[in-house]
Amino acid sequence: MGKPENIVPAAAGLRQTEFGIDGMTCASCVARVEKALARVPGVVSASVNLATERASISADAAVGIQALQAAVVKAGYALRQQTVRLKIDGMTCASCVARVEKALGRVPGVVSAAVNLATETAEVVTTSPDVAALQAAVARAGYAASLPSDESAPDGSHALPAWWPVALAVALSLPLALPMAAMLWGAHWMLPGWLQWALATPVQFWLGARFYVAGWKALRAGAGNMDLLVALGTSAAYGLSLFQWLAAGPDAMPHLYFEASAVVITLVLLGKWLEARAKRQTTEAIRALNALRPDTARVRRDGQDIEMPLAQVRVGDVVVIRPGERVPVDGVVIEGASQVDESLITGESLPVARHVDDPVTGGAVNGEGLLLVRTTAVGTETVLARIVRLVESAQSKKAPIQRLVDRVSAVFVPVVIAAAAITFAGWMLAGGDWQNALLNAVAVLVIACPCALGLATPTAIMVGTGVAARHGILIKDAEALEIAHRIGVVAFDKTGTLTEGRPELVAAETGTPDGGGRAGLLALAAAIQAGSEHPLARAVLDAARREGVSPPQASDVSAVAGRGIAARVEGRALRLGSSRFMDELGVERGTLAARAAQLESAGRTVSWLADVTDTPRLSGLLAFGDTIKPSALRAVQRLNAQGVRTVLVSGDNRGAAGAVAAELGMDDVRAEVLPEHKAEVIAELRRGGTVVAMVGDGINDAPALAAADVGIAMSTGTDVAMHAAGITLMQGDPARVADAIDISRRTYRKIRQNLFWAFAYNVVGIPLAALGLLSPVIAGAAMAFSSFSVVSNALLLRRWKAGG
């Protein structure tokens, strides 16, 4: 790549920065952004171009992108940002993570960088996606960065199995360790010094070369890591043995420690191999989802079925899906009928029926019927691709608890090296035996384990989000997963969340004899709602179609937020909506008021039609019935069993909302809540520090979903709701809310267990080693298996089952 896009040479001491700005519409916007940027301390000049929507700033080198971004945001605009995912090679512990993040954060234009040790990836938010600059920064820190899909590098790693260095190290170290083991049974024999040296040297400098290379890179970058600790510790034991052997003369048999250096390296290599195998299992969910994508699709063109690569399929193409085949694209059935298995996408165990005009999702398995599907989404826009992106993003982000670990990791290696130096000095002062002092210092170096600290949180999050995704629960980020374990109140929207969201018209009554009867009322209501996608509108239109009512043409149709709809039909101004809307219009409901109260007490939703051309006058009422979802009662019962309080928040009338709440055993009902006031209800529930989740499915739920500590959206609802939510339920099943809380609690428990063990290894092990109570070999074994045990503990989450 060439020169970075966002950095241009400037006068000495100054740096020229460029970035895109979103949200500008006119010249006054340009002036406001320029003024905001000019006020940032250190900025010499700022120029904004409306045509290119870019800003060019000349500023001191010390002025960071964050300060410029804050100024732009404060002015009411946003920096144009992109997210770049990189694969990072060479990281071994939490200290490496901190160093790579710091290196990426120093690249001009980078807003944030999050590195995940478990996935060995970095997610960089930048104003200019200059991959070359990011790769160079990572290389300077002592690591290698590549794009995840970059396969240009020759891959020699598969020439031999990954376990061969471990096997060879074991073969070379075993003869050194056997005499030490024999001493436990009273046998005293040692290999000749030259043979010990011959066996230990290839382990130390060939198989253990990775520790020297990575340790040296860390040292050059002015930091430390696990490799540096292993290299220092084993080199000290090896060097002491070599000195003793050479100084003793040909006939003497001094005490040598070649077995300590060789066995420690062998154990660390074994631990790393086991850890890599376990880490691969944590990404199983992503691999399973990616495996759902077929490589080819059968497209019907000009009457011919042509098999072609999936990348060549376009929106609008007709795809032929035979029985037993996997659905290659998102689309709508235009011919045929079948049962489709969507279990790996939605978590729904039973196949679902699909007929003409029904949607199908790429990755699902077709049952016994032949389907012709018109493609609606391909590639990165399919539901499956979005799910994979969501899970990958959740797994790459950090949980808030990880920040504590990062702070510890930043100082961990220097503190351990200092502890080893103090141990050596202390033993020298206490007894003067420098060999013993050195061995105890070596034990301190090799027992210290920053790896377990770095893996404790991300591995649990990866397994937790992965197993949740396989059960149709998509968790957008680690923060939502961590917060969800503390949920104390769940607020449910009613329509489409606890009910099916497919209401039917159960009554249409006029208040006056000259009102045109049911057919006239239905015709006017259908005319007003002809272009609406609202569930109540669909119910009216379906009823009109069934009863053969032809609605007239409506004009000037407009929605009145939270109240209803206004329109003009046949020259008359009509209003259709809620009781609140009628009250505001001053419409008297007369004899129909009692009938409405009766319907509402039976759980019906009532809408009113009024003519406001002259004096506001009631035309009639429409009553709708919606079926409660079969799993709604179980959802509420399971949440109550978890100690979570449930609240119903609905824009519906008090009678309809109360009837649903009574049937489900919910005693807290907030009815007739306007969309803009739902967020206020959530804020009220959050008072006193209670963690509140909001469950909804519609556009009108989006503000409340965003206002809640955790937003939970039904995938059967709108994209807006899913975007605002931290968790999405793929089935639209309210019982999955309890599952989401359960997997969150279990994941957080694993995080705490992992962090306890990771800290315990170091807090207990380092003092024991310093006191001379652990040999370097035992210390090395403890360090090697600490990481493996942390990852293995996280993998136990894979046993989790929904409904448990």
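**View 1. The β3–β4 hairpin of the predicted model.** Strands β3 and β4 form a hairpin with four residues between them, and E53 in the turn has a positive phi of about 55 degrees. Strands here are DSSP runs of E with at least two residues, and helices are runs of H or I with at least four, numbered from the N terminus. β3 (residues 43-49) pairs with β4 in the antiparallel sense over six bridges; two strands pair if DSSP finds at least two bridges between them. V48 stands opposite A55 in β4.

Residues are numbered from 1 along each chain as its sequence is written. In this predicted model, local features need pLDDT of at least 70, side-chain atom pairs count only at pLDDT 80 or more, and totals for chains, interfaces and linings use all residues, while side-chain values use heavy atoms, with hydrogens and water left out.

**View 2. Strand β4 and its pairing with β2.** Strand β2 (residues 14-22) runs antiparallel to β4, joined by seven bridges. E18 stands opposite S56 in β4. Six of the seven residues of β4 (residues 54-60) are buried, so β4 is largely enclosed by the rest of the structure. Buried means under 20% relative accessible area, exposed over 50%, and partly exposed in between (1.4 Å probe, protein chains only).

**View 3. An open sheet of seven strands.** The order is β19-β31-β30-β29-β20-β27-β28, with mixed pairing. β19 (473-475) and β28 (668-670) stand at the edges with a single partner strand each, so one side of each is left without a neighbour in the sheet. Three bridges join β30 (residues 710-714) to β31 (residues 727-729) in parallel, and I712 has I727 in β31 as its bridge partner.
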